[in-house]
Amino acid sequence: MQRRNSIQKIALVAILAALSYVTFTFIQFKIPLPGGDATSVHLGNMVPVLGALLFSGIYGGLGGAIGMTIGDVLDPVYVIYAPKTFILKLCIGLITGFVAKKLDLYGEEDVSKLRKKAAIAGASGLVFNAVFDPILGYFYKLLILGKPAAEITLTWNVASCVINAVVSLIVAVPLFIALRPSLKKYNFSKAVKA
């Protein structure tokens, strides 16, 4: 039984990583920036939020971090940002899961309260990312590209991170509300949390 549970957990992270990779890589509007850099509007951040809301912060965070880091590694424009991506996307999931647990999201039955709690939990992880992604990106670029390029791209990165956060929350919360009953019916969420 323990082995089956471990396989389910690994498979869950792998599925979330694949979903994160696909939503980041293929549902993306890349915006070229000066110096050969780019930013993008994408749905990749939705996965760590959705995974954290459905299962827990560790699964959502790991799935999102692994999937988007692979997306960065396979894209010549983003490859240098892979370590930053891993840390930030892991944090989105961990923070969302932490807040969800504090709000007792996993025990909530009322759909209207569930929606509100899910939005608050998801927003907390996404706001963290919207603040720290541009800040870390600025210092990262400052060291790699030099100050002028870092300052020019900062505004674009802030804008894209805010747009990504809003779109990710708009998609993740209704998906959570839609998927939760089925997962609950088959006790899948409890099986991977054990």
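Guide: One term to begin with: buried means under 20% relative accessible area, exposed means over 50%, and partly exposed lies in between, with a 1.4 Å probe and protein chains only. This is a predicted model, where local features need pLDDT of at least 70, side-chain atom pairs count only at pLDDT 80 or more, and totals for chains, interfaces and linings use all residues. Residues are numbered from 1 along each chain as its sequence is written, and side-chain values use heavy atoms, with hydrogens and water left out.

Visitor: Fine. Is Phe24 buried or exposed?

Guide: Phe24 has 5% relative accessibility, so it counts as buried.

Visitor: What does Phe24 form with Tyr78?

Guide: The structure holds four aromatic pairs. One of them is Phe24 with Tyr78, a tilted pair with 5.9 Å centre to centre and 45° between the planes. Rings of Phe, Tyr and Trp (its six-membered ring) pair if their centres lie within 6.5 Å; planes under 30 degrees apart count as stacked, over 60 as edge-to-face, the rest as tilted.

Visitor: Where do those two sit in the chain?

Guide: Phe24 is in helix α1 (residues 2–25) and Tyr78 is in the loop between α3 (57–73) and α4 (82–102), 54 residues apart, and the pair links these distant parts of the chain. Helices (H or I, at least four residues) and strands (E, at least two) are DSSP runs numbered from the N terminus. Tyr78 is buried as well, with a relative accessible area of 6%.

Visitor: New topic. How many cavities of 30 Å³ or more does a search find?

Guide: One, in a search of the whole structure. The space in this largest cavity is about 290 Å³. A cavity is a set of points, on a 1 Å grid over the protein atoms alone, where a 1.4 Å probe fits but cannot get out; lining residues have an atom within 4 Å of a point. Points are joined across faces, edges and corners, and the volume is the space filled by probe spheres set on them.

Visitor: What lines the largest cavity?

Guide: There are 23 lining residues, and Thr39, Tyr78, Lys84, Asp133 and Asn157 lie nearest the centre. At least two residues each come from β2 (38–42), α3, α4, α5 and α6 (147–185). The largest share, five residues, is from α5.

Visitor: And by class?

Guide: Eight nonpolar, 10 polar and five charged. Here Ala, Val, Leu, Ile, Met, Phe, Trp, Tyr, Cys and Pro count as nonpolar, Asp, Glu, Lys and Arg as charged, and the others, Gly among them, as polar.

Visitor: Which residues does Asp133 touch?

Guide: Leaving out residues up to four places away in sequence, Asp133 touches Lys84, Leu88, Lys89, Phe128 and Cys161. Contact means heavy atoms within 4.5 Å. Asp133 is in helix α5 (residues 111–144) and counts as buried at 13% relative accessibility.

Visitor: Last one: which residues of α2 are buried?

Guide: Met46, Val47, Pro48, Val49, Leu50, Gly51, Ala52, Leu53 and Leu54. That is nine of the nine residues in helix α2 (residues 46–54), so α2 is largely enclosed by the rest of the structure. Pro48 and Ala52 are among the residues touched by Gly93, which lies in helix α4.

How values were computed:
On a 1 Å grid over the protein atoms alone, a cavity is a set of points where a 1.4 Å probe fits but cannot get out, and a pocket is an open set with protein on both sides within 12 Å along at least five of seven lines; lining residues have an atom within 4 Å of a point.
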